[in-house]
Amino acid sequence: MSDDSHDWPILESRVEYETGWFDGGYDRVEQPDGTTKRYYWAELPPAVVVVPLAGDELVMVEQYRPPIREHCLEFPAGIVEDGESYTRAGARELREETGFDPAGVSLLEDFWVATGAMRHERGIVFAEGLEPVETNLDENEFLEVTTVPVEEAFERARADPANDATIEGLLLAREEGLL
């Protein structure tokens with residue numbers, strides 16, 4: 001049961017560190033019972049995840065993720081630049097990372113990620129009508145482009161190390177009847 005009459009006043013907000021990639025800090029808030037508590041957060045820019053379909057295969061990337069020390073099979077993804085929509089950012093990221101230009105891109109969903117600790121929004125887009133173009137990787141992107149048959153995608157996405165964005169993308173695309 002929620003108490004909609006309490007807006008949890010922010011008594012103090014502090015950024016404790018800035019990394020260039022994300023900021024971290026806390027808000028000290030007044031809770032509904034009158035006590036105060038620090039709620040820590042990491043703030044990241046919005047990101048987009050692309051579910052690219054080419055015939056009966058999904059275009060994916062394999063890359064090493066230093067924070068978890070694992071190679072991951074993922075959908076192409078990246079930061080939404082200032083002034084970009086999720087669909088425009090998704091088409092750009094798909095071109096840059098995989099060398100495919102989509103004829104059509106549609107937004108499946110946008111939402112907040114890990115709301116207990118993060119200030120981070122994510123959009124998941126579906127891309128189709130893929131045409132080969134040149135890749136344009138960022139200097140810190142070391143990716144291998146691969147394809148996965150749609151009928152194997154859920155099993156492959158759920159294999160260790162599974163990640164949230166790939167599974168979410170598959171589930172949303174399937175729910176929309178696109179896979």
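1. Helices (H or I, at least four residues) and strands (E, at least two) are DSSP runs, numbered from the N terminus. Gln31 lies in the loop that links strand 2 (23-30) to strand 3 (36-43).

2. This is a predicted model, in which local features need pLDDT of at least 70 and side-chain atom pairs count only at pLDDT 80 or more, while totals for chains, interfaces and linings use all residues. Residues are numbered from 1 along each chain as its sequence is written, and side-chain values use heavy atoms, with hydrogens and water left out.

3. Gln31 has 15% relative accessibility and therefore counts as buried (under 20% relative accessible area, with a 1.4 Å probe and protein chains only). Its side chain makes a polar contact of 2.7 Å with that of Thr35; such a contact is a pair of N or O atoms within 3.5 Å, where within protein one must be able to donate a hydrogen and the other to accept it, and residues adjacent in sequence count only if both atoms are side-chain atoms. Pro9 is 22 residues from Gln31 along the chain, with 7.8 Å between their C-alpha atoms.

4. In helix 3, the buried residues are Ala165, Thr166, Gly169, Leu170 and Ala173. They lie on the same side of helix 3, because they cover an arc of only 135° around the axis (taken from the directions from the helix axis to the C-beta atoms). Among the elements that cover them are strand 4 (47-54), strand 8 (100-112) and helix 2 (150-158), contact meaning heavy atoms within 4.5 Å.

5. At the start of helix 3, a side-chain oxygen of Asn163 comes within 3.3 Å of the backbone nitrogen of Ala165.

Terms used. Buried means under 20% relative accessible area, exposed over 50%, partly exposed in between (1.4 Å probe, protein chains only).
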